[in-house]
Amino acid sequence: MAENLVNFGILGCAKIAIKLARAINLAPNSILHAIASRSLEKAKQFALQNGLPETIKIYGSYEELLDDPSIEAVYLPLPTSLHVQWTVLAAQKKKHVLLEKPVALDVGDLDKILEACVTNGVQFLDGSMWLHHPRTMRMKELLFDSNLVGHVDFIHSTSTAKMPPEFFENNIRVKQDMDALGVLGDLGWYCVGAVLWAKNYELPNVVSALPAGVTTNSAGIVLSCTACLNYDQDHKTVAVIHCSFFSYTSMDLSITGTKGSLHLKDFAIPYQEGSAFFDLASPATFMDDQTGWNAETEKVVVDNQIPQEAFMVQELARLAQGIKKCEFRPDNRWPEISRKTQIVVDAIKKSIDLDCKPVYL
């Protein structure tokens, strides 16, 4: 079995790396082979505190891990400002890349990353775990059944988390030189991704941040944001997203069509690891006396054997195996999803910088 497993390395000991270390070993086609930090002592502490096997290699620099010829894929949970440097180098070392989101500070930086991956024949995948959950697959089947939801008219997505006071002083997500996109890159990435997913990755025509929904710190880092994404193609769609470091935790996604609607309140991280659900309503009318609804709402439950992050790792490992064993080309679908998400995130940021004027795509 071991020769069929893709060897993963992790660059950096951020908190999210704990979750991914577990996911790599839960996925059926991968195994954690090594971890690296900028100091050997920190890497050793990470391995010890999280109960990693003694067989895992521990490196005191990122370069050492990337120079390990036995490592086939790497996960990078580094600050966004470091993504270009280390992802490009990883690609040049022929490592497949799982890159934490936001993948870049802007689409120009992302293009440098993707060009390096294409040039070196390695697979790129961003860390949007929810896209790999079986629930997401089931939702898409029903969403694009024209007899159930119909044409999508309206999408509403939120991703919020109330952060403690020390977060706004010390966290990298509010530092200009570390993660300059702030909440827009951290939580807003999910909201934008959800809208694009619901529209089958069609880009909106116009993006506008809403003045009353935008809060920044003294360095100009976005801490809260509401934005409108307008589609003016054959069938008009309006999408509203909201992301914030000030509000109670929410991960809502509502999609309303001409025939029905789809709703869930935990789209980015399911309430439970082994099972997830969503509500599908179709059709709905008021009662004759308008004292209630005649609504047919179905709770659709989707069980899963491994968590969504393990499905994500499994997908990258599957693609890596296909490239190695069958000489397949890297799958361009995942880089294209990341790039479109980055384009819209950039447009929202530009709108904010322009005092919330509309940005046309």
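A pocket, in the sense used here, is an open set of grid points with protein on both sides within 12 Å along at least five of seven lines, and its lining residues have an atom within 4 Å of a point. The model described here is predicted.

The largest pocket has a volume of about 1,200 Å³. Its lining is made up of 40 residues, and A14, K15, I16, R173 and D186 are the ones nearest the centre of the pocket. Two or more residues of this lining come from each of α1 (15–26), β7 (152–160) and α8 (182–186). Of these elements, α1 gives the most, with 3 residues. Sorted by class, the lining of the largest pocket holds 21 nonpolar, 10 polar and 9 charged residues.

The largest share, 5 residues, belongs to α11. By class, the lining of the second largest pocket has 7 nonpolar, 4 polar and 6 charged residues.

The largest cavity has a volume of about 60 Å³. Its lining consists of D126, S128, W130, L131, W189, G193, A194, Y201, I337 and T341. Both α9 and α11 supply at least two residues of that lining, and α9 gives the most, with 3 residues. The lining of the largest cavity divides into 6 nonpolar, 3 polar and 1 charged.

Y201 sits in the loop between α9 (188–198) and β8 (206–209). Is Y201 buried or exposed? Its relative accessible area is 12%, and the cut-off for buried is under 20%, so Y201 counts as buried. Leaving aside residues up to four places away in sequence, Y201 touches L131, K140, G193, L196, I337 and K340. N50, by contrast, is 151 residues from Y201 in sequence and 38 Å from it in space, C-alpha to C-alpha.

The last topic is charged side chains. The structure has 14 salt bridges. One of them joins R318 and E315, at 3.0 Å from N to O. R318 and E315 are 3 residues apart in helix α10 (residues 308–326), and therefore about one helical turn separates them. R318 is partly exposed, at 44% relative accessibility, whereas E315 is buried, at 12%.

Another salt bridge links R333 and D331, with an N to O distance of 3.9 Å. R333 is partly exposed at 44% relative accessibility, and D331 is partly exposed at 23%.

K349 is buried, with a relative accessible area of 18%, while D353 is exposed, with 51%. Through salt bridges that share partners, E315, R318, D331 and R333 are joined into one network.

Definitions and conventions: Residues are numbered from 1 along each chain as its sequence is written. This is a predicted model: local features need pLDDT of at least 70, side-chain atom pairs count only at pLDDT 80 or more; totals for chains, interfaces and linings use all residues. Side-chain values use heavy atoms; hydrogens and water are left out. Helices (H or I, at least four residues) and strands (E, at least two) are DSSP runs, numbered from the N terminus. Buried means under 20% relative accessible area, exposed over 50%, partly exposed in between (1.4 Å probe, protein chains only). Contact means heavy atoms within 4.5 Å. A salt bridge is a side-chain nitrogen of Lys or Arg within 4 Å of a carboxyl oxygen of Asp or Glu. On a 1 Å grid over the protein atoms alone, a cavity is a set of points where a 1.4 Å probe fits but cannot get out, and a pocket is an open set with protein on both sides within 12 Å along at least five of seven lines; lining residues have an atom within 4 Å of a point. Grid points are joined across faces, edges and corners, and a volume is the space filled by probe spheres set on the points. Ala, Val, Leu, Ile, Met, Phe, Trp, Tyr, Cys and Pro count as nonpolar, Asp, Glu, Lys and Arg as charged, and the others, Gly among them, as polar.
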